[in-house]
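Let's take a walk through a protein model together. Have the sequence and the 3D view open as you read.

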Amino acid sequence: MNLVFAVFWLALGARQLVRGDWPFGVVLGLVYGCLAAATWLIPAARISDAGIRLGTKPLIDWSQVSDVAVPADNGWKPPPAELVLVDGRREPLPMLSRPQSLKLREHALRQI
């Protein structure tokens, strides 16, 4: 969706620049374009043999993970999976689909 706004504002800004108006639209289009590129290029979750990194948060080592709670599929839209840590905290994983959550659970159980 950010990409749509970036293209829209860039086109609107180019139109304003051609008309000779203040180039506010170009600046706004470039800002939206940079935001869209950043959200598209920076992955929401990075999984490695060392652990899992959620966005820009620090790496969570596999020794800190006790389970990956994947809710049962009852036909309705299930809540997102959660990363259950040893100290009892739960980190939601809304960026992962159900099949990805199941694969993460298998990987986490092998690493633990």
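Start with strand 5 (residues 81–85) and strand 6, which run antiparallel and are joined by four bridges. Strands here are DSSP runs of E with at least two residues, helices are runs of H or I with at least four, and both are numbered from the N terminus. Two strands count as paired if DSSP finds at least two bridges between them. This is a predicted model, so to speak of local features we need pLDDT of at least 70, and side-chain atom pairs count only at pLDDT 80 or more, while totals for chains, interfaces and linings use all residues. Residues are numbered from 1 along each chain as its sequence is written, and side-chain values use heavy atoms, with hydrogens and water left out.

Now zoom out a bit.

Is histidine 107 buried or exposed? It's buried, with a relative accessible area of 16%; buried means under 20%, exposed over 50%, and partly exposed in between (1.4 Å probe, protein chains only). Leaving out residues up to four places away in sequence, histidine 107 touches Ile47, Ser48, Asp49 and Trp62.

Next, the charged pairs. The structure holds four salt bridges, each one a side-chain nitrogen of Lys or Arg within 4 Å of a carboxyl oxygen of Asp or Glu. Here are some of them:

| Pair | N to O distance |
|---|---|
| Glutamate 91 and lysine 57 | 3.2 Å |
| Glutamate 82 and arginine 90 | 2.7 Å |
| Arginine 89 and aspartate 87 | 2.9 Å |

Glutamate 91 belongs to strand 6 and lysine 57 to the loop between strand 2 (51–54) and strand 3 (60–61), so their pair ties together parts 34 residues apart in sequence. Glutamate 91 is buried at 14% relative accessible area, whereas lysine 57 is partly exposed at 44%. Glutamate 82 also has a bridge partner in strand 6, namely proline 92.

Finally, check out proline 94, in the loop between strand 6 (90–93) and helix 3 (98–111). Proline 94 is exposed, with a relative accessible area of 59%.

Terms used:
Contact = heavy atoms within 4.5 Å.
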